[in-house]
Amino acid sequence: MANDEVILLDFWPSMFGMRLRIALAEKEVKYEYKEEDLRNKSPLLLQMNPIHKKIPVLIHNGKPICESLIGVEYIDEVWKDKSPLLPSDPYVRAQARFWGDYIDKKLYDTARKIYSATGDEHEAGKKDFIEILKVLEGALGEKPYYGGDNFGFGDIALIGFYCWFPAYEIYGNFSIEAECPKLVAWAKRCMKRDSVAKTLPDQHKILEFAKILREKLGLE
């Protein structure tokens with residue numbers, strides 16, 4: 001698919017956009033990256049995702065694919081000749097989708113409370129966040145990756161949150177490595193892959209961004 005036009009509408013700190021960037025890197029697909037200002041969304045974003053009006057949006061030959069995990073599946077199906085991301089076995093594939101869905105439904109909103117909420121809501125968010133990470137650590141088990149021996153869909157679904165870990169730790173006043181050592185070891189293993197290391201922003205940059213968000217919320 002040498003003549004494909006691939007565009008990614010994204011916002012650099014988004015762990016959801018990171019999924020598509022990693023998937024495209026794994027497949028060695030060249031694409032045009034367009035950074036979005038979420039306070040002033042581009043006409044292209046509003047045209048390509050008129051329902052949710054959110055990033056990331058993958059645009060392939062003029063056609064939009066919205067929602068990050070759907071985008072990762074699409075990338076895996078279209079560019080299937082390199083680095084399979086979803087397992088071929090239907091049951092194992094269903095399990096990978098289950099954990100991707102679990103991460104989407106549980107992790108982001110809970111994690112956000114750690115740096116954006118106060119009082120009881122903050123404490124509840126912190127407690128729930130640690131419990132969710134323990135569930136995810138249990139799902140990993142003794143495997144090197146969520147896909148078993150191979151880096152894949154489940155790893156891509158979760159790894160973008162890793163660059164946010166220091167922000168969660170500072171504003172939550174806890175250590176993720178102390179709570180979930182195997183999960184942190186998994187994240188460090190993923191970071192040895194070029195596709196991940198070159199995609200995830202520097203953790204200090206994320207910390208600065210979280211501080212700006214807190215200032216806007218009047219928490220700093």
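**View 1. Strands β3 and β4 pair in the antiparallel sense.** Look for leucine 58, whose bridge partner in β4 is isoleucine 65. This is a predicted model, in which local features need pLDDT of at least 70 and side-chain atom pairs count only at pLDDT 80 or more, while totals for chains, interfaces and linings use all residues. Residues are numbered from 1 along each chain as its sequence is written, and side-chain values use heavy atoms, leaving out hydrogens and water.

**View 2. Four strands form an open sheet in the order β2-β1-β3-β4.** The pairing is mixed. Strands (E, at least two residues) and helices (H or I, at least four) are DSSP runs, numbered from the N terminus. β2 (32-35) and β4 (63-66) each have a single partner strand, so one side of each is left without a neighbour in the sheet. On average, neighbouring strands are turned by 20° against each other, direction ignored.

**View 3. Helix α1 packs on the sheet.** Here residues 15-26 touch β1 (6-10), β2 and β3. The direction of α1 makes about 155° with that of β1; axes are lines fitted to C-alpha atoms, for helices over the stretch in contact, and angles run from 0 to 180 degrees between N-to-C directions.

**View 4. Leucine 46 lies in helix α2 (residues 43-48).** Leaving aside neighbours within four places in sequence, leucine 46 is in contact (heavy atoms within 4.5 Å) with Lys41 and Lys53.

How values were computed: Two strands pair if DSSP finds at least two bridges between them.
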